[in-house]
Amino acid sequence: PDLALYASAHLLLPSVELAQYVAGLVHLLLFVWLAYRLVANVLGGRALAAVCTGLLLVPLLVIRIAELADIPGLGPLFRLTNHGGAVLGTVAVLGLCSDVGHRGPGRGLLIAAIAVLTGVSDPLFAASCAMPLLAMGVAACIPPVWRLLVGSADQERPALRNHLLIAGLAGLAGSALTSRVHAMLNVLNDVVLSKTREHVWRGLWRDLSEGHPGQGAWLLVVVLLCVWTLLRRKDSRSGVLRIFALWQLGSFVATLAAIIWTKNYLDGGSLRYLTVPFGLAPVFVGARLGRWIDSPIDNTRSARLVAGGSALMCIALAGAAISCTPLIARGELKSAWRAKARCVAEVVAREDVDVVLTDYWRCKPLLLFSDRQVRALQMRSKLKRPYFWIASRGWYRGEHRFGVIATNELRPDAIIRAYGEPAQIDHCDDIELFSYRGRAREKLTANMNRMFRGFVADPHPP
């Protein structure tokens, strides 16, 4: 969904920055609406769901505006920018599955369509959403196991079981269409408790406890709320809420297990793989809060606490909005990548090349923010292989003139061993550029063109 939103905004608006801003705003509003529908199904009441969803999403709006106003420290808690499409697909699927009273084949087809398309868009959907739903669907087929997990025989409905199974299988099928299944199966050859994974566990614990303590504390709070909700079996009205808690807990476990098992957790930046469970956590907390407000025990005091919290959130929102107003009024909604991309474009024009070799993280920003004056191709760290992740292989086809390399994360020492010292080194902010000339450039051009011909077949050979 985020791709369609951005593509539409980019076609209609004059700048990349404005397109990203508008697409992000629409993304957030769509998330609000889907979260409201989910909370309404969980609580069984639309008025209460509206109140809880509003209270829940005010902090998200505060943080979104705080990021624009460059207020540090708030963004990582609820950020929806990384893998945001998987978050939208997940909240939509959960909302449809949680409507336990709905019957008919149309609902199952809609769930399957959303799950397949989201799985195709982002394989993370398989681990974070589809696998927990599939496990829950299998458990729902075994009444004693389902009662042990959820504690409510009222939720043993064929429609719920079928919807959980459909969502899980469709999400996995969608991811399998775009993922290399044999590559995922190769990890089974490794030993589970190897030193590498022990190192990953230690790194994850260090990043959550020291590097990102806010996210670590938030994860602990949500997990404890999930466990508490699952253990409270007396409230018969909380059956769907316990199903939500079971999924939330399963999503954290499945996502963490996936990134550790596949050794994809490298550093604190890899916490972006937890976007789906972190993104849905505020929705679960809002639903848990709604059931607490609706409880007959001390309802007046609960209402006062929630009203006071809402007032404080609104004040914070107003303060963030006011601090952000001068930024928007001055028209300074510009990415720092603009200056970097302009500088790289000047180096490309000076060296008379048509392609810059770069890493994954700098490839598409250079393309976008240079207004296509810079054509970048992402490579592996030693320039031995192209890196096709989220890239068109058509970019690599044809003959190119090489000579400029953005060395960030590309092992400059290996590049110097292969092609010698560069004729000139330029710096565009934090981007380091090696420029090669003469025989070194001829060697680089010949090697790259030969390599690309080997990896990418030309659909229209001469």
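Mentor: Start with contact, which means heavy atoms within 4.5 Å. With that in hand, look at Thr-358: not counting residues up to four places away in sequence, Thr-358 touches Cys-363, Ala-376, Leu-377, Gln-378, Met-379, Ala-406 and Leu-410. Before going on, note that this is a predicted model, in which local features need pLDDT of at least 70 and side-chain atom pairs count only at pLDDT 80 or more, while totals for chains, interfaces and linings use all residues. Residues are numbered from 1 along each chain as its sequence is written, and side-chain values use heavy atoms, with hydrogens and water left out.

Trainee: Is Thr-358 buried or exposed?

Mentor: Buried means under 20% relative accessible area, exposed means over 50%, and partly exposed lies in between (1.4 Å probe, protein chains only). Thr-358 has a relative accessible area of 0%, so it is buried. In the protein as a whole, buried residues make up 45% of the 462 residues.

Trainee: In which element is the place of Thr-358?

Mentor: Elements are DSSP runs numbered from the N terminus: helices are H or I with at least four residues, strands are E with at least two. Thr-358 sits in strand β1. The protein has 19 helices and five strands.

Trainee: How far apart are Thr-358 and Thr-407 in sequence and in space?

Mentor: They are separated by 49 residues in sequence, yet their C-alpha atoms are 6.6 Å apart. For the protein overall, take the contacts between residues at least 6 apart in sequence: 72% of these join residues at least 24 apart.

Trainee: How do I read the packing of two helices?

Mentor: Two packed helices are described by the angle between their axes and the distance between the axes. Axes here are lines fitted to C-alpha atoms, for helices over the stretch in contact, and angles run from 0 to 180 degrees between N-to-C directions. Helix α7 (residues 124-140) packs with helix α13 (residues 239-261) at about 130 degrees, the axes being 8 Å apart. That angle makes α7 oblique to α13; angles under 35 degrees count as roughly parallel, over 145 as roughly antiparallel, 65 to 115 as roughly perpendicular and the rest as oblique.

Trainee: Which residues of α7 and α13 meet?

Mentor: From α7 they include Leu-124, Pro-132 and Met-136, and from α13 they include Ile-243, Trp-247 and Ala-258. By class, this contact of α7 with α13 has eleven nonpolar, four polar and no charged residues. In this scheme Ala, Val, Leu, Ile, Met, Phe, Trp, Tyr, Cys and Pro count as nonpolar, Asp, Glu, Lys and Arg as charged, and the others, Gly among them, as polar.

Trainee: How many salt bridges does a search of the whole structure find?

Mentor: A salt bridge is a side-chain nitrogen of Lys or Arg within 4 Å of a carboxyl oxygen of Asp or Glu. The search finds twelve. One of them joins Glu-351 and Arg-350, whose closest N and O atoms are 2.9 Å apart. Glu-351 is buried at 5% relative accessible area, whereas Arg-350 is partly exposed at 40%.

Trainee: Which residues are linked with Arg-350 and Glu-351 in a network of salt bridges?

Mentor: The network also holds Asp-426, Arg-437 and Arg-441. Arg-441 lies in helix α19 (residues 438-455) and is buried, with a relative accessible area of 18%. Leaving aside neighbours within four places in sequence, the contacts of Arg-441 include Glu-351, Phe-402 and Tyr-436.

Trainee: Where are the partners in the salt bridge of Arg-401 and Asp-354?

Mentor: The N to O distance of this pair is 3.9 Å. The pair links distant parts of the chain, 47 residues apart: Arg-401 is in the loop between β2 (376-378) and β3 (404-406), and Asp-354 is in the loop between α16 (337-351) and β1 (356-358). Arg-401 is partly exposed at 42% relative accessibility, and Asp-354 is partly exposed at 24%.

Trainee: What is the phi of Arg-411?

Mentor: Arg-411 has a positive phi of about 60 degrees although it is not a glycine. Arg-411 is in the loop between β3 and α18 (412-419), and its side chain meets that of Asp-413 in a salt bridge (3.2 Å, N to O). Asp-429, in the loop between β4 (424-428) and β5 (431-435), also has a positive phi, near 60 degrees. Asp-429 is exposed, with a relative accessible area of 60%, while Arg-411 is partly exposed at 33%.
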